[in-house]
Amino acid sequence: MAKKKSASKSAKPKPASPSKRTTACETNLDTSQGKASTTAVEMLAKSISPAKPSVPARAPKSPAGRTIPAEAALSFLRDTKGSVSWSLRDLSHTLNISREEAGRVVALLQIQGYVQPESDKAGEWITTPSGETVAGAKPPRFDRETVEAALTSLKQRIEDTNNDRAARFRVTRAVAFGDFLAKDRTRVQAADVGIELALRDSKQSSDEVSTLHSAAEAREELRFLRQLRGRSALINLKNYAEWMGIRTHRKLF
């Protein structure tokens, strides 16, 4: 067997790939509810939305070709905490996807052990304890009207902040979602709110707002959003992602 040729000493070292900068969208602002492990989310993301180098970073908006982020699927599982069971129709309606796409998502969630068929009801599903854990679900312990009031207060703070010329940032988008949207729930979890920020007086487009930021800028945004949230345990602020505006939600700004 021929021996492999040793690498030439004069060969130029392979340049190190540049380190990925921290972005605002990578910063988790949710400090009051359990979080899914990074590994579990990444595994689910690879299954639902496999990476395709030739596809643009922004997912296509057509119903047939749109990818479904793992975080969107997990947000639905979080909403089911107060339900005995749920159906493909519920998933399809919440994530605003087709029944075919919903079936594919459920199949992948089942492989991960996050959901299982309801044995007593054909076509119904239940979220497993593992699914609740990875989704960060909490027992519904808040009165829905109280959560609604907290969202109203947050909306007012957003408007006040945007009118404050001394504020470093302005809110460009804010959407609320969670089990509080189900009118038949009397007890609910804290509402999730996706917030998108832009520098004060900047003329950034939506695409430019979502581009990479420096680590220092990301930390500054985090401090700003924590101040906006205040001490309320009724809302969880998150960096805005496109799927939040696609699934069922309430527009705050």
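Angles under 35 degrees count as roughly parallel, over 145 as roughly antiparallel, 65 to 115 as roughly perpendicular and the rest as oblique.

**Ground rules**

I'm working on a predicted model, where local features need pLDDT of at least 70, side-chain atom pairs need 80 or more, and totals for chains, interfaces and linings take in all residues. Numbering starts from 1 along each chain as its sequence is written, and side-chain values use heavy atoms, with hydrogens and water left out. Helices (H or I, at least four residues) and strands (E, at least two) are DSSP runs, numbered from the N terminus.

**Entry: H6 against H8**

I looked up how helix H6 (residues 144-163) sits on H8 and got an angle of about 130°, with the axes 10 Å apart. Axes here are lines fitted to C-alpha atoms, for helices over the stretch in contact, and angles run from 0 to 180 degrees between N-to-C directions. H6 and H8 are therefore oblique to each other.

Next I listed who touches whom, contact being heavy atoms within 4.5 Å. From H6 I noted Leu154, Arg157, Ile158 and Thr161; they meet Phe224, Leu228 and Arg229 in H8. Sorted by class, that contact has four nonpolar, one polar and two charged residues. For the classes, Ala, Val, Leu, Ile, Met, Phe, Trp, Tyr, Cys and Pro are nonpolar, Asp, Glu, Lys and Arg charged, and the others, Gly among them, polar.

**Entry: the sheet**

I traced an open sheet of four strands in the order E8-E7-E5-E9, with mixed pairing. E8 (235-239) and E9 (250-251) are at the edges with a single partner strand each, so one side of each has no neighbour in the sheet. Two strands pair if DSSP finds at least two bridges between them.

E5 (residues 169-177) and E7 (residues 191-199) run antiparallel over eight bridges. I jotted down two positions: valine 171 has leucine 197 in E7 as its bridge partner, and alanine 174 stands opposite isoleucine 195. On to E8: five bridges join E7 to E8, and these two run parallel. There, isoleucine 195 stands opposite asparagine 239.

How many residues of E7 are buried? Eight of the nine are, so E7 is largely enclosed by the rest of the structure. (Buried means under 20% relative accessible area, exposed over 50%, partly exposed in between, with a 1.4 Å probe and protein chains only.)

**Entry: aromatic pairs**

I searched the whole structure and found three aromatic pairs. Rings of Phe, Tyr and Trp (its six-membered ring) pair if their centres lie within 6.5 Å; planes under 30 degrees apart are stacked, over 60 edge-to-face and the rest tilted.

One of them is phenylalanine 169 with phenylalanine 224, edge-to-face at 5.3 Å centre to centre and 65° between the planes. Phenylalanine 169 is in E5 and phenylalanine 224 in H8, so this pair ties together parts 55 residues apart in sequence. Both phenylalanine 169 and phenylalanine 224 are buried.

Another pair is phenylalanine 177 with tryptophan 243: centres 5.5 Å apart and planes at 70°, so edge-to-face again. Phenylalanine 177 is in E5 and tryptophan 243 in the loop between E8 and E9, so the parts tied together are 66 residues apart in sequence. I checked burial too: phenylalanine 177 has 0% relative accessibility and counts as buried, and tryptophan 243, at 11%, counts as buried.
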